Amino acid sequence: YIFLGADLVHPSVGALPGEDAARAMREGFDIDRRFDLKLLGLLNVKYLLSELPLKSSSLELVYAPSKAPIIAFSRDWATGFLSPPSGPHGNSIFDKFGNAISDLVGTRQRISLGKDIFIYRLADYFPRFRFVNEIEIEPSGLAVLNRLSSMNSSSLLSTAVLESADASTVTRRRKFVSGHIDVINYRPDRIELNVTVAGNAFLVIANTWSPYWIGGIDGKIVAPIRVNHTQFGLPISTGKHKVVVVYSPPYTNKRG
């Protein structure tokens, strides 16, 4: 699921200049003007789910609702109810009560019908675990993000971009080898992989970076390195290795 901005419809929040909501409901809301979807694919996102139709050169429609909405709508941030409300408009106690009843009836109807939404597949998405051929080092976090935005999908797949402050244990290299990855165990707080490489390699893991990830290679603790601003990776030497990465924030006692 992706929260596509604050609102695709409201003119002062998410609608684009000159965008016709009625036309967008027929042709799809233009996502290419809003987002760089190849960066979303970098996060291992494969599908987008949306109540409203979308349009992008990077999206393939997989499924459309049997009864697609014909009128553009918004939802309240706090409640998820339709906004503006489907009931009486106004601020009186009677209007507010009418809105609550109308929203409740609408919710019951939606529950009875089930969720029927648009499903789109990203054309370019990257595996959660991959070896890269090259490391690039940029001077700041902003420079890393700018570099990522300038790269095409092929370069994003083969390259890891590091901020200089995170690159003290690695240097820019162009000849990392690829290898084989077997996923042994994957949980939100624990990852176990068997990897085999025929030379020096660099493994990228498309999970969200945190300093509380603890890495281990063949039982030896190795600190994960932040890459691509929001992910992390590990240098891997020649041979077969057991890689274990554990999320261990201060309030736990987990170890690799």
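Among contacts in the protein chain between residues at least 6 apart in sequence, what percentage join residues at least 24 apart? The figure is 69%. Keep in mind that this is a predicted model.

**Stop 1: the whole chain**

Show the protein chain as a cartoon. Five helices and 18 strands make up its secondary structure. Of the 256 residues, 38% count as buried.

**Stop 2**

As background, strands of a sheet pair through backbone hydrogen bonds, either parallel or antiparallel.

Which residue of β18 is the bridge partner of Ile217? Pick Val243 to see the partner.

**Stop 3**

Select Asp218, in the loop between β14 and β15. Check the backbone: phi is positive, about 55 degrees, though Asp218 is not a glycine. Most residues other than glycine have a negative phi. Asp218 counts as partly exposed, because its relative accessibility is 47%.

**Stop 4: charged pairs**

Show the side chains of Lys and Arg with those of Asp and Glu. The salt bridges in this model come to ten.

- Lys242 and Glu192: their side chains meet in a salt bridge, 3.7 Å from N to O. Lys242 lies in β18 and Glu192 in β12 (residues 190–197), so the pair ties together parts that are 50 residues apart in sequence. Lys242 is partly exposed at 33% relative accessible area, whereas Glu192 is buried at 14%.
- Arg187 and Asp189: this salt bridge spans 3.8 Å, N to O. Arg187 is partly exposed, with 38% relative accessibility.
- Lys38 and Asp36: the closest N and O atoms are 2.9 Å apart. Is Lys38 buried or partly exposed? Lys38 counts as buried, because its 18% relative accessibility is under the 20% cut-off. Asp36, at 31%, counts as partly exposed.
- Glu163, Asp166 and Arg226: select the three together to see a network of salt bridges.

**Stop 5: Asn44**

Move to the loop between α2 (37–42) and β2, where Asn44 lies. Asn44 has a positive phi of about 75 degrees although it is not a glycine. Its relative accessible area is 21%, so Asn44 is partly exposed.

**Stop 6: a nonpolar patch**

Go on to Tyr47, in strand β2. Together with Tyr47 they form a nonpolar patch on the surface, with about 320 Å² of accessible area. Which strands each supply at least two residues of the patch? They are β2 (47–50) and β4 (59–63). Tyr47 has 34% relative accessibility, so it counts as partly exposed.

How values were computed: Residues are numbered from 1 along each chain as its sequence is written. This is a predicted model: local features need pLDDT of at least 70, side-chain atom pairs count only at pLDDT 80 or more; totals for chains, interfaces and linings use all residues. Side-chain values use heavy atoms; hydrogens and water are left out. Two strands pair if DSSP finds at least two bridges between them. Helices (H or I, at least four residues) and strands (E, at least two) are DSSP runs, numbered from the N terminus. Patches are made of residues with over 30% relative accessible area and no salt bridge: like charges are joined within 9 Å, nonpolar side chains (Val, Leu, Ile, Met, Phe, Trp, Tyr) within 5 Å. Accessible areas come from the Shrake-Rupley method with a 1.4 Å probe; for residues, only the protein chains shown count as cover. A salt bridge is a side-chain nitrogen of Lys or Arg within 4 Å of a carboxyl oxygen of Asp or Glu. Buried means under 20% relative accessible area, exposed over 50%, partly exposed in between (1.4 Å probe, protein chains only). Contact means heavy atoms within 4.5 Å.
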